[in-house]
Amino acid sequence: MHDLDSILAALDTNAWPAEHHGHALAAATLSLAVYEGRVRDQGTPYIEHPLAVVAILRDELHVSHPETLILGLLHDAIEVTPSSEPEIAIRLGRFFVEQLRAMTPDHRLEGRSRQATDETVWRTKMRRLSSNGLLIRFADRIHNLRDLRHSRDVARNQRFISSLVDFYLPLAQAAQTEGPELKAAYEMLLGEYDRYRTSGTALA
């Protein structure tokens, strides 16, 4: 069971400058609202995924910037609960919402079913992300890959691995020149994929 205190602890807000504490509290409150009652296909409460992304950013990629960690916490907020966008804008500002929208598939933003052309549009959108956006998306991929063995949706898992190999890994490899955090993210994503392939759980 997660509450405000546990989410603030996950963000490690005690180490943040005081001027960021208000945004931290707003983000933690929003995360409880937008992910409440949502369950991933692995059967786990949805909020455990963004918290795992925050942990990867903070503990493994050594990200300490408050805005990046808040974006990690809320990276799926608009996708999971589209109606949350106005409240996020009020609490955290329109610029923050635009960063979230940049990381959200267009069919989710538009409230429609996914179409055949959406994958190409999504990949173009990912290539345009800022360094922070890429870092969060790579942390997202790292956690999804670690958690893949718990998913029962074989077709989805196959799509995930296919897109990882032919898009995300090359994207991460190209982005690693932009800084040490992105370099570490590429190496970690590649390492997780190698472990997945040799674990005996890789899909045929």
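**A loop residue and its surroundings**

Modeller: Take Thr-81, which sits in the loop between α5 (77–80) and α6 (85–92). The model is a predicted one. Is Thr-81 buried or exposed? Its relative accessible area is 11%, and the cut-off for buried is under 20%, so Thr-81 counts as buried. Apart from neighbours within four places in sequence, Thr-81 is in contact with Val-34 and Arg-38.

Now the wider setting. The protein has 12 helices and zero strands. Its radius of gyration is 16 Å, close to the 17 Å that the globule rule gives for 204 residues, so the protein is as compact as a globular protein of that length. Along the principal axes, the C-alpha atoms fill a box of roughly 50 × 35 × 35 Å. Of the 204 residues, 48% are buried. If we take contacts between residues at least 6 apart in sequence, 65% of them join residues at least 24 apart. The protein exposes about 10300 Å², of which carbon and sulfur atoms supply 52%.

Next, the interior. In soluble globular proteins, nonpolar side chains tend to be buried together. Here the largest nonpolar core has 63 residues, and those with the most contacts inside it are Leu-57, Leu-74, Ile-88, Leu-92 and Phe-138. Helix α11 (residues 154–175) gives the most to this core, with nine residues. One of the residues with the most contacts inside the core, Ile-88, has a number in the range of α6 (85–92), the helix on one side of the loop that holds Thr-81. Leaving aside neighbours within four places in sequence, Ile-88 is in contact with Leu-30, Ala-77, Ile-78, Gly-93, Phe-96, Val-97 and Leu-100.

Helix α6 also takes part in covering another helix, α4. Seven of the eight residues of α4 (residues 66–73) are buried, so this helix is largely enclosed by the rest of the structure. The buried ones are Pro-66, Thr-68, Leu-69, Ile-70, Leu-71, Gly-72 and Leu-73. Besides α6, their cover includes α1 (4–11), α2 (21–35), α3 (48–60), α7 (94–102) and α10 (131–147).

Asp-41 lies in the loop between α2 and α3, and with a relative accessible area of 37% it is partly exposed. Not counting residues up to four places away in sequence, Asp-41 touches Ser-151, Asp-153 and Arg-156. The C-alpha atoms of Asp-41 and Ser-6 are separated by 24 Å, and these two residues are 35 apart along the chain.

Two further loop residues have a backbone feature to note. Most residues other than glycine have a negative phi. Asp-12, in the loop between α1 and α2, has a positive phi, near 60°. Asp-12 is partly exposed, with a relative accessible area of 35%. His-62, in the loop between α3 and α4, likewise has a positive phi, of about 60°. His-62 is exposed, at a relative accessible area of 60%.

Conventions: Residues are numbered from 1 along each chain as its sequence is written. This is a predicted model: local features need pLDDT of at least 70, side-chain atom pairs count only at pLDDT 80 or more; totals for chains, interfaces and linings use all residues. Side-chain values use heavy atoms; hydrogens and water are left out. Helices (H or I, at least four residues) and strands (E, at least two) are DSSP runs, numbered from the N terminus. The radius of gyration is taken over C-alpha atoms; the globule rule is 2.2 Å times the number of residues to the power 0.38. Buried means under 20% relative accessible area, exposed over 50%, partly exposed in between (1.4 Å probe, protein chains only). Contact means heavy atoms within 4.5 Å. Accessible areas come from the Shrake-Rupley method with a 1.4 Å probe; for residues, only the protein chains shown count as cover. A nonpolar core is a set of buried Ala, Val, Leu, Ile, Met, Phe, Trp, Tyr and Cys residues joined through side-chain atoms within 4.5 Å.
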